[in-house]
Amino acid sequence: MKKIVLVGTGMVGMSFAYACLNQNLCDELVLIDINKERAVGEAMDLNHGLAFSRSSMKIYPGEYSNCKDADVVVICAGVPQKKGETRLELLNRNTQVFQSIVKPICESGFEGIFLVATNPVDIMTRVTAHLSGFPCGRVLGTGTTLDSARLRYLLGEYFDLNPRSVHAYVMGEHGDTEFVPWSQALLSTKPVNDVLLDNPKLYNMSDLIKIEEEVRNSAYQIIEAKGATYYGIGMAIVQICRAILENENSVLTVSCKLNGSYGRQDTFLGNPAIINKDGVKSLIELSLTGKEINKLNDSCDLLDEYFSGIKPD
């Protein structure tokens with residue numbers, strides 16, 4: 001019996017829930033929201049679509065006590081940024097929200113995996129780890145999973161390849177300091193840098209830098225066009241949950257804790273990691289160039305600075 005509890009039935013949470021239903025991800029899906037009536041309505045709406053799916057999933061609104069026997073708790077709850085509010089002020093308010101969520105989940109006897117999608121996801125994942133006291137492997141965030149998918153899609157278009165044959169990652173903060181370690185990017189088994197050297201008239205690094213910028217700015221473009229992003233991240237959450245529920249040992253760029261990797265401690269950020277039933281089985285430390293290490297340190301420094309400015313109890 002595979003059970004997921006979703007906390008937060010906003011657009012991101014429900015995009016995940018809808019994708020979860022369509023992909024028959026689990027046997028039981030519990031919806032929790034501070035607005036209990038909304039959770040009831042969302043559960044009803046999803047249940048009315050069961051007849052059109054291949055799923056026999058049990059979907060219902062619940063309470064934190066329902067987390068006791070869950071395999072994964074997905075947290076999408078949070079508050080929107082107010083006009084004129086600083087990022088640190090938003091972080092402090094979201095930390096208060098998480099204090100009201102994580103404590104009762106832990107008190108339920110929950111022994112599964114926390115998966116955080118609330119932004120800024122790297123810091124909120126660290127907050128969840130701090131509040132729960134769980135081993136670092138059992139607390140992870142969506143990190144740069146979606147950013148990496150965007151990168152592969154754009155590189156597939158540029159090189160005229162199926163994105164599944166593109167092996168490249170976005171690392172660091174899910175935000176303005178994220179970066180692509182081009183030294184690690186492969187087209188099938190061939191390094192991207194070698195492809196550029198062999199085909200100077202067709203491909204060049206300046207184009208790849210533009211692609212990296214497009215990946216970094218994709219969310220801003222979507223928000224400008226439609227107000228928010230939710231479909232892509234909803235499907236990314238499904239991918240991570242499947243890796244956990246199916247014990248896949250899949251490599252995904254989740255937000256996970258650095259325990260000495262790259263000479264850094266405690267910071268949570270996007271990095272390739274092996275994901276299975278235990279959450280983060282292990283982090284994969286890449287052989288980054290000096291410039292790439294500097295970019296990683298910039299991400300770490302920023303995230304550490306913001307975390308030091310909030311006060312999780």
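Helices and strands here are DSSP runs, numbered from the N terminus. With that settled, hello everyone, and one reminder before we start: this is a predicted model.

Let me open with a loop. Aspartate 160 sits between helix H5, residues 145–159, and strand S7, residues 166–167. Its phi is near 55 degrees, which is a positive value in a residue other than glycine. Most residues other than glycine have a negative phi. Is aspartate 160 buried or exposed? Exposed means over 50% relative accessible area, and aspartate 160 has 69%, so it counts as exposed.

Please keep that one in mind while we go to tyrosine 262. Tyrosine 262 is in the loop that runs between strand S10 (250–259) and strand S11 (265–276). Here too phi is positive in a residue other than glycine, near 60 degrees. Tyrosine 262, though, is buried, with a relative accessible area of 9%; the cut-off for buried is under 20%.

Next, a peptide bond. Between asparagine 119 and proline 120 the bond is cis, with omega about -5 degrees. Most peptide bonds are trans. If you want to find proline 120 on the screen, look in the loop between strand S5 (113–116) and helix H4 (121–132).

Asparagine 119 also leads us to another residue, because asparagine 94 touches it. Asparagine 94 belongs to helix H3, residues 87–107, and is buried, with a relative accessible area of 0%. What does asparagine 94 touch, leaving out residues up to four places away in sequence? The list is Gly78, Val79, Thr118, Asn119 and Met124.

Last stop, helix H2, which covers residues 36–47. At 1.5 Å a residue, its 12 residues should span 16 Å, and the C-alpha atoms at its ends are 17 Å apart, which agrees.

Which residues of H2 are buried? They are Ala39, Glu42, Ala43 and Leu46. Looking down the axis of H2, you see these buried residues fall within an arc of 100 degrees, so they line one face of the helix. Against what do they pack? Their partners are helix H1 (11–22), strand S2 (28–32) and strand S3 (58–61).

Terms used. Residues numbered from 1 in each chain as written. Predicted model: local features only at pLDDT ≥ 70, side-chain atom pairs only at ≥ 80, totals over all residues. Heavy atoms only, no water. Helix = DSSP H or I, 4+ residues; strand = E, 2+ residues; numbered from the N terminus. Expected span 1.5 Å × (residues − 1). Buried < 20%, exposed > 50% of the residue type's maximum accessible area, 1.4 Å probe, protein only. Arc of directions from axis to C-beta. Contact = heavy atoms within 4.5 Å.
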